[in-house]
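Here are my notes on the model. Please read them with the structure open.

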Amino acid sequence: MNYEKVVKDIVLPIVEDKEQLMVKMMPTDNENDLVIMVMAKSSDIARLIGKNGTVANSIREVVNVAGKINNQHLHVKFEAFSEEDIERIVENTIEKIKPEQLQEFTQKFGSIEGFSSALKEELTD
């Protein structure tokens, strides 16, 4: 089952800035415990959490029902991010790439700026 899609389908109608919503499955040591990160702007995360966490807890309950079908426990976590956070992630990623790989990506995307834009798009997609 594609849990990322299930979570995204649940939260998408709730957020205002749909372009900045990101739902990603995070790796864990235990294959039966899955972590799904929901990342969006802080105003949308506040909306997803709701007063006293009621919306977030409801989302978690629905998702856990889906996980129980496959004997998996899903942990849904909510994180706010900003444009500056994305810029920092992209800059750190580019700094850590080996020079020969960076050259390959630069050729593929036309420039470092093109590669940087593709990374940003992937992060927010």
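**Notes on the fold and selected residues**

1. In this predicted model, 58% of the contacts in the chain with a separation of 6 or more are between residues 24 or more positions apart. A contact here means heavy atoms within 4.5 Å.

2. Ground rules. The model is predicted: local features need pLDDT of at least 70, side-chain atom pairs count only at pLDDT 80 or more, and totals for chains, interfaces and linings use all residues. Numbering starts from 1 along each chain as its sequence is written, and side-chain values use heavy atoms, with hydrogens and water left out.

3. Overall layout. The chain has six helices and three strands. From the N terminus, the order is α-β-β-α-α-β-α-α-α. Helices (H or I, at least four residues) and strands (E, at least two) are DSSP runs, numbered from the N terminus. Along the principal axes, the C-alpha atoms fill a box of roughly 45 × 30 × 20 Å.

4. Surface and burial. The accessible surface of the chain is about 8100 Å², and carbon and sulfur atoms hold 51% of it. Areas come from the Shrake-Rupley method with a 1.4 Å probe. Of the 125 residues in the chain, 31% are buried. Buried means under 20% relative accessible area, exposed over 50%, and partly exposed in between (1.4 Å probe, protein chains only).

5. Helices α1 and α3. How do the axes of α1 and α3 cross? Helix α1 (residues 3-11) and helix α3 (residues 54-68) have axes that come within 11 Å and cross at roughly 150°. Therefore α1 is roughly antiparallel to α3. Roughly antiparallel means an angle over 145 degrees, on a scale from 0 to 180 degrees between N-to-C directions, with axes fitted to C-alpha atoms over the stretch in contact. The crossing of α1 past α3 is right-handed, a term for the near helix being turned clockwise from the far one by less than a right angle.

6. Who makes that contact? On α1, the residues are Y3, V7, I10 and V11; on α3, they are I59, V62, V63, A66 and G67. Eight of the contact residues are nonpolar, one is polar and none is charged. Tyr, Val, Ile and Ala count as nonpolar, Gly as polar, and Asp, Glu, Lys and Arg as charged.

7. S116. Is S116 buried or exposed? S116 is buried, at 13% relative accessible area. This residue sits in helix α6 (residues 112-124). S116 touches V90 and I94, leaving aside residues up to four places away in sequence.

8. E83. This residue belongs to helix α4 (residues 83-96). E83 is partly exposed, with 41% relative accessibility. E83 and K41 lie 42 residues apart in sequence, and their C-alpha atoms are 8.8 Å apart.

Key. Angles under 35 degrees count as roughly parallel, over 145 as roughly antiparallel, 65 to 115 as roughly perpendicular and the rest as oblique.
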